[in-house]
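Here is a brief report on one protein chain.

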Amino acid sequence: MALKVELKPHERIIIGSCVITNTDQRARLLIDGENIPILREKDILTPETADTPAKLVYLAVQLMYISPGADADHGTYFNLLRDIITTVPSAWPIIEAINGHILNGDLYQALKEAKKLVAFEKQLLQQAEAEQSDKPVSSAA
């Protein structure tokens, strides 16, 4: 089954191990093939933009997805998960779903679940910030 992708001007996409950059006009691509990793620019994280624990997990899954030898990233992935589970046990259902997809070899679905982990982390951080701003400021005596 073919995948239709429309790229905005100057948008990048990863297809297999290639980064493709569009020119200055919109473009439509019809990609035909099976088990070819494809990532749009909006879904790509770099080491510089992976600035939270959940984003680091997403980056590790992303590397597994786009790399032919994905096993090399498993150690990093599991170390990151251990840290998250220790800190935020309520993230376990999402992590369990990510793990299930990785074990089944469906790395694209694992990446989608990892995106949910990033959203969950963002929600927790926003809640923590809101709670901090609601606390009264105490004066030191």
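Two strands pair if DSSP finds at least two bridges between them. The strands themselves are DSSP runs of E, at least two residues long, numbered from the N terminus. With that in hand, I14 has V19 as its bridge partner in β3. The model is a predicted one.

## The sheet

Strands of a sheet pair through backbone hydrogen bonds, either parallel or antiparallel. Here, three strands form an open sheet in the order β3-β2-β5, with antiparallel pairing. The edge strands are β3 and β5, and each pairs on one side only. From one strand to the next, the twist averages 20°.

Which residues make up the β2 and β3 strands, and how many bridges join them? Strand β2 covers residues 12-15 and strand β3 covers residues 18-21, with four bridges between them. The two strands run antiparallel. R12 stands opposite T21 in β3. The β2 and β3 hairpin has two residues between the strands. Within this hairpin, G16 takes a positive phi near 65°.

On the β5 side, the pairing is again described as antiparallel, with three bridges between β2 and β5. Strand β5 spans residues 38-40. I15 finds its bridge partner in β5 at I38.

In a regular strand the side chains alternate between the two faces of the sheet.

## Loops around the sheet

H10 sits in the loop between β1 (3-7) and β2. Its phi is near 65°, a positive value in a residue other than glycine. H10 counts as exposed, because its relative accessibility is 53% and the exposed class begins over 50%.

The loop between β5 and α1 holds D43. P47 is found in the loop between β5 and α1 as well. Are these two residues buried or exposed? D43 is buried, with a relative accessible area of 15%. P47 counts as exposed at 60% relative accessibility.

D43 touches Y58, Q62 and K115, leaving aside residues up to four places away in sequence. Y58 and Q62 are among the α1 residues that meet α4, and K115 is among the α4 residues that meet α1. P47 and C18 are 29 residues apart in sequence, and their C-alpha atoms are 18 Å apart in space.

## The helix contact

Two packed helices are described by the angle between their axes and the distance between the axes. Helix α1 covers residues 53-66 and helix α4 covers residues 107-134. Their axes come within 8 Å and cross at roughly 170°. The helices are therefore roughly antiparallel to each other, a class that takes angles over 145 degrees.

Which residues meet across this contact? From α1 come P53, A54, K55, V57, Y58, V61, Q62, M64 and Y65. From α4 come L107, Y108, A110, L111, A114, K115, L117, V118 and E121. The contact residues divide into 14 nonpolar, one polar and three charged.

Helix α4 also contains Q123. Q123 counts as partly exposed, at 42% relative accessibility. From Q123 to H74 the sequence separation is 49 residues, and the C-alpha to C-alpha distance is 26 Å.

## Aromatic pairs

How many aromatic pairs does a search of the whole structure find? The search finds two.

| Pair | Distance between ring centres | Angle between planes | Class |
|---|---|---|---|
| Y65 and Y108 | 5.8 Å | 50° | tilted |
| Y77 and F78 | 5.0 Å | 70° | edge-to-face |

The Y65 and Y108 pair links distant parts of the chain. Y65 lies in helix α1 and Y108 in helix α4, 43 residues apart. Y65 counts as buried, at 14% relative accessibility. Y108 counts as partly exposed, at 38%.

Why is the Y77 and F78 pair edge-to-face? The planes of the rings stand at 70°, and this class takes angles over 60 degrees. Y77 counts as buried at 0% relative accessibility. F78 counts as partly exposed at 41%.

Conventions. Residues numbered from 1 in each chain as written. Predicted model: local features only at pLDDT ≥ 70, side-chain atom pairs only at ≥ 80, totals over all residues. Heavy atoms only, no water. Axes fitted to C-alpha atoms, helices over the stretch in contact; angles between N-to-C directions. Parallel < 35°, antiparallel > 145°, perpendicular 65-115°, else oblique. Contact = heavy atoms within 4.5 Å. Nonpolar A, V, L, I, M, F, W, Y, C, P; charged D, E, K, R; others polar. Buried < 20%, exposed > 50% of the residue type's maximum accessible area, 1.4 Å probe, protein only. Phe/Tyr/Trp six-rings, centres within 6.5 Å; stacked < 30°, edge-to-face > 60°.
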